[in-house]
Every structure is written in structure tokens, then in C-alpha cells.
Amino acid sequence: MATNDKQDSVITEIKLAQWQTCVEMANAVSARRDNLNNLFVTVNLALAAAISLVWDVKTIVLLAAGVIECIIWGTFIINYKNLNSAKFAVITELEKQLPVQPFMDEWKIVKETPSNLWSFTMVSG
């Protein structure tokens, strides 16, 4: 009986290590998304400044570049959302096999708590 308990303990430790790796990867994706958002905000501000300084025919080119840049930015946001959704699906599946489920508990609380902020932070895609 003691060997089964030891094997169960080793299996739980392995699953916990896998869960931890997945959480770290999800955090890394979120950090990359934040860095990319900072880059796009900077480019948008530079375009806005250039448009305000050069108000003539060249402005149309800058406006077009801004629209294209925003479309690309939106595509990146949707792709990062899909990637993180997949990562968190894996994390929650791993959590079902662990003694505690912090992400599942957190999402349960978030869904049960009414918040005006929630509707502004959702990205549809």
C-alpha cells in the first residue's frame, strides 16, 4: 500500500511541475502581448503626432498606415487571446487532476462577481 501512495505522490508532483510550466508559459505569452501592445501604442502616438504636424496630402498616407497598423494590432490581439485560451484550457484540465484548482476557483469567483469592468475587458473574436 505504501508503494501506491508513493507512486501517487510522484505522479502528483509530475503533474504539478507540468502545471507550473504551463502557467509560466501563459504568463510569458501575456508579457509578450503587453510588450507588443506598448509597441503599437507608441506607433499610433507617433502617427498621430506626424499627422498633426504634416496636415496636407501626405496625411492620407499616414492615415492609411494608421488604419493598416490598427488592423494588424487587432489581429495580434485576437491571436494572443486564442493562444492564451488554449493554454488555460490545458491548465484547467491539469488542475482537475491536482488536489487544488486555483485557476478554476478564480474563474468561478470572477463569473459570480458582478463587475462593470468585466464588460470592458472582454475581447471578442
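Predicted model: local features only at pLDDT ≥ 70, side-chain atom pairs only at ≥ 80, totals over all residues.
Residues are numbered from 1 along each chain as its sequence is written, and side-chain values use heavy atoms, without hydrogens or water. Local features need pLDDT of at least 70 and side-chain atom pairs count only at pLDDT 80 or more, while totals for chains, interfaces and linings use all residues.

The protein holds 4 helices and 0 strands. Helices (H or I, at least four residues) and strands (E, at least two) are DSSP runs, numbered from the N terminus. The order from the N terminus is α-α-α-α. Among contacts with a separation of 6 or more, 74% join residues 24 or more positions apart; a contact means heavy atoms within 4.5 Å.

The protein has 125 residues, of which 18% are buried. Buried means under 20% relative accessible area, exposed over 50%, and partly exposed in between (1.4 Å probe, protein chains only). Areas follow the Shrake-Rupley method with a 1.4 Å probe; for residues, only the protein chains shown count as cover.

I68, I72 and F76 form a nonpolar surface patch of about 260 Å². Like charges are joined within 9 Å, and nonpolar side chains (Val, Leu, Ile, Met, Phe, Trp, Tyr) within 5 Å. I72 lies in helix α2 (residues 58–95). I72 is partly exposed, because its relative accessibility is 39%.

The structure contains 0 disulfides (pairs of cysteine sulfur atoms within 2.5 Å). C22 is buried at 19% relative accessible area. C70 is partly exposed at 38%.

Key
Patch = residues over 30% accessible without salt bridge, like charges linked within 9 Å, V, L, I, M, F, W, Y side chains within 5 Å. Salt bridge = Lys/Arg side-chain N within 4 Å of Asp/Glu carboxyl O.
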